There are 2 protein chains.
Amino acid sequence: MNAEIISVGTELLLGQVVNTDTTIVARELSALGINLLYSAVVGDNVDRLKLAVETAISRSDLLIMTGGLGPTTDDLTKETTAACAGKKLVLHQESLERIQNYFNEKHVSENQAKQAWLPEGCTVFRNDNGTAPGCAFQAETGCTIIMLPGPPSELEPMLKNCAVPYLKQGQEWVIVSHNVHIYGKGEAPVAQMMDDLMNGENPTLAPYAKEGECYLRVTAKAHTEEEADKMCQPLIEEIKKRLGDFVYSVDVETLEELVVQKLAQQGKKLATAESCTGGLLAKRITDVPGSSAVFDMGCVTYANEAKEALIFVPHEILEQHGAVSEETARAMAQGIVKRSGSHIGVGITGIAGPDGGTPEKPVGLIYIALSDGEQTWVTKRSPIGRTKSREWHRHCAASQALDMVRRYLDGLPVIAEK
Amino acid sequence: MNAEIISVGTELLLGQVVNTDTTIVARELSALGINLLYSAVVGDNVDRLKLAVETAISRSDLLIMTGGLGPTTDDLTKETTAACAGKKLVLHQESLERIQNYFNEKHVSENQAKQAWLPEGCTVFRNDNGTAPGCAFQAETGCTIIMLPGPPSELEPMLKNCAVPYLKQGQEWVIVSHNVHIYGKGEAPVAQMMDDLMNGENPTLAPYAKEGECYLRVTAKAHTEEEADKMCQPLIEEIKKRLGDFVYSVDVETLEELVVQKLAQQGKKLATAESCTGGLLAKRITDVPGSSAVFDMGCVTYANEAKEALIFVPHEILEQHGAVSEETARAMAQGIVKRSGSHIGVGITGIAGPDGGTPEKPVGLIYIALSDGEQTWVTKRSPIGRTKSREWHRHCAASQALDMVRRYLDGLPVIAEK
């Protein structure tokens, strides 16, 4: 099955928005074993959109459109695509009611109501995160067309909950994918270690980079889900064997999710003391719904006085070793355990940049400590030649702290052996 | 001048890499006043690439290609594009020497040397961050073709240092844009208020949504930068007049950046006490380089005990009114001022969801308080019918807190009149 994607929106052509929709859709198509041959971006312009849609539906089996389903007069995707495909738009009463409910009003504006007009005979995809529904239907050419809303927060759940199941229906094969998540080894060395496994046709193996991490996707196709799943398992086991404790999860997508799960299972609590990450670690932990069961407290101690007053970092340590030091990180982790009464405390201190670096303590130097009240471990992150952003340093330091917690909870060496 | 972009690389169609190249190029083209009409992604496949290039050079004045210039056999951009444009490839001796120097070897492999073969008569763009040079030349159709390497760390500097100056040579106009940022009014009502201003041709006005905020972009073109800038000003003034204190900045892109600037200007410090936002507000403030001058301390007090112990919220208030209440938010803001000695304290408490809501205190109910030690203001955010994500509620609550700080620092009513 050959597919293409058309993303609609002038904002994409002005560079105001990064086109993550295409990446999200491309990844799902790849997991379904559908070949994506082209993707294109067209502005909010009827003629150019028409040309793009006509070309696509005459040469491909599947066209996925993203964006341009909203209420404004700029939003032309549905009208234009339906016309190209030889379909009329008809009012979908249930969608209209959902939009009315969304705004808590019986009479929504004509523009808002426009979103409930959909191609005749289509399968409607309910939007649980916004107003514009999506849909799927067949063009007269035989090409299947799927339309999804542009905002990623609406597109992603609709893709997973509606479009993927819709595409699976038509398939005689069931595709099952598992993601093996890795912390502490980069995509390139991981890919090299898996080199001999990457030419398989079923299951397939592909590496993906994630900010400061990577993962391997194992995909198998078979007649039933159980069968496909079973085909993945030996490959997953082989990956785990090769990578050992660098594998942090299969299918739990983030370190924070995993850590919250493990803490809850073990009935333990975590507290955080952050300097250079400035609350990012606490934010990531509390991104996870239900984190309140395992997280009582975090302190963002940016100033030295705050480190002393809130989490008992001794004045002498700050004076002797400076705020960015192994000793301060250690005292922060120990201090937050004492302050919070939690089982585990994490302390992070470093120089996130872009300013504040010195030859001895350059931008990117970050110390991360974990304490359980008895023992304390400290990791030192050093910049290695390349210039990375403030955001990057902060994100990676928070990730490494989470990985240390994961290792501690699993009874592994808290500091990974390289 | 009408342009299009073709990005080459199968990894983009597999969703392994987000196509940021297109965004980076699109933004520069927009700043140059060049209309980008299409952008497309094609895999590493000669036939499909040929089709895409032929279509582009027959309809556009400018084609920018990204990716596929490297040493591997997959890298087909140059050979294919040159053939479509009716050009031969010739060896560029200087580029070959640069590649030899890069590897510190006199005899690089044939694959590496391949990168130094460029279309005859082209302008060569030196690559200071990798091996593959870029270039610019004219196809027989008259279309200008620019080829840039795929890795953003190579593409971005080459674009700015070589391609943009190359494109400016041919231009008689300079384009200037300003963004007017708005908090407290949505894109739709703002667009409605500006309706009569949006049909101008020079300057132009366009509204854009941002997560929970929006902004208006004013763009003018003229013979000099000063002239273009001057043309924008009356429109910016008119927008400000109509929107009053809902406008928070011109060209300062985020509330956190603005708040850090204003605090620094006034020599004031801010401290945060967060419950449901879990560190997000502190994280956003410390996203801003230099924020350490205005931010000493933040507390993430997720548990009631933490609210009592760290920021002195009276036990009776928590017992009588609950953690999610106006009274608790007020006590948190007052408590963090006391704890930190900062001039301004912010307290946030609410229910971010997806669980934990009740009919009286539904998901999305969030109280935000600001205190200066003398006076305290509290805003109540109520969910209005719509289901939004945990992430959304948290982001919007943090934004609203920042807007309250902005208003306080500007001597405006801390709580906006709707």
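Over all chains of this predicted model, the count of salt bridges comes to 38. One of them joins the side chains of Glu4(A) and Arg59(A), with 2.9 Å from N to O, and this pair links distant parts of the chain, since Glu4(A) belongs to strand β1 (residues 2–8) of chain A while Arg59(A) belongs to helix α3 (residues 46–59) of chain A, 55 residues apart. The two partners can also be described by their accessibility: Glu4(A) has a relative accessible area of 4% and is therefore buried, the limit being under 20%, whereas Arg59(A), at 36%, counts as partly exposed.

In chain B, the side chains of Asp128(B) and Arg98(B) meet in a salt bridge with an N to O distance of 3.1 Å. Asp128(B) sits in the loop between β6 (123–125) and β7 (134–138) of chain B, and Arg98(B) in helix α5 (residues 93–103) of chain B, so the pair ties together parts that are 30 residues apart in sequence. Asp128(B) counts as exposed, at 52% relative accessibility, while Arg98(B) is partly exposed with a relative accessible area of 32%.

Another salt bridge of chain B, at 3.0 Å from N to O, is formed by the side chains of Lys269(B) and Asp296(B). Because Lys269(B) lies in the loop between α10 (255–266) and β13 (270–274) of chain B and Asp296(B) in strand β14 of chain B, this pair ties together parts that are 27 residues apart in sequence. Here Lys269(B) is partly exposed at 27% relative accessibility, and Asp296(B) is buried at 15%. In chain A, salt bridges also form a network, in which Asp196(A), Glu238(A), Lys241(A) and Arg242(A) are linked.

Salt bridges are found between the chains as well, where the count for chain A and chain B is two. In one of these, Asp287(B) is joined to Arg394(A), and the closest N and O atoms are 2.8 Å apart. The side of chain A that touches chain B has, by class, 32 nonpolar, 17 polar and 11 charged residues, and across the interface there are 24 residue pairs in polar contact, both residues being at pLDDT 80 or more.

The contact as a whole takes 60 residues from chain A and 60 residues from chain B. About 4,800 Å² is buried between the two chains, and carbon and sulfur atoms give 56% of this area. Of the area that chain A buries against chain B, Leu13(A), Tyr102(A) and Tyr302(A) supply 12%, more than any other three residues. The chains are also joined by strand pairing, for strand β14 (residues 295–301) of chain A and strand β14 (residues 295–301) of chain B pair in the antiparallel sense over five bridges. Within this pairing, Cys299(A) has Cys299(B) as its bridge partner.

Inside chain B, strand β1 (residues 2–8) is mostly covered, with six of its seven residues buried. β1(B) runs parallel to strand β2 (residues 35–42) of chain B, to which seven bridges join it, and Ile5(B) has Ser39(B) as its bridge partner in β2(B). Five bridges join β1(B) to strand β3 (residues 62–66) of chain B, again in parallel, and there Ile6(B) is partnered by Met65(B).

Leaving aside residues up to four places away in sequence, Thr80(A) touches Val46(A), Leu49(A) and Lys50(A). A polar atom of the Thr80(A) side chain lies 2.7 Å from the backbone oxygen of Leu76(A).

Methods
Residues numbered from 1 in each chain as written. Chains lettered and ligands numbered in written order. Predicted model: local features only at pLDDT ≥ 70, side-chain atom pairs only at ≥ 80, totals over all residues. Heavy atoms only, no water. Contact = heavy atoms within 4.5 Å. Buried area = accessible area lost by both parts, 1.4 Å probe. Salt bridge = Lys/Arg side-chain N within 4 Å of Asp/Glu carboxyl O. Polar contact = N/O pair within 3.5 Å; in protein donor to acceptor, adjacent residues only side chain to side chain. Nonpolar A, V, L, I, M, F, W, Y, C, P; charged D, E, K, R; others polar. Pairing = 2+ DSSP bridges. Helix = DSSP H or I, 4+ residues; strand = E, 2+ residues; numbered from the N terminus. Buried < 20%, exposed > 50% of the residue type's maximum accessible area, 1.4 Å probe, protein only.
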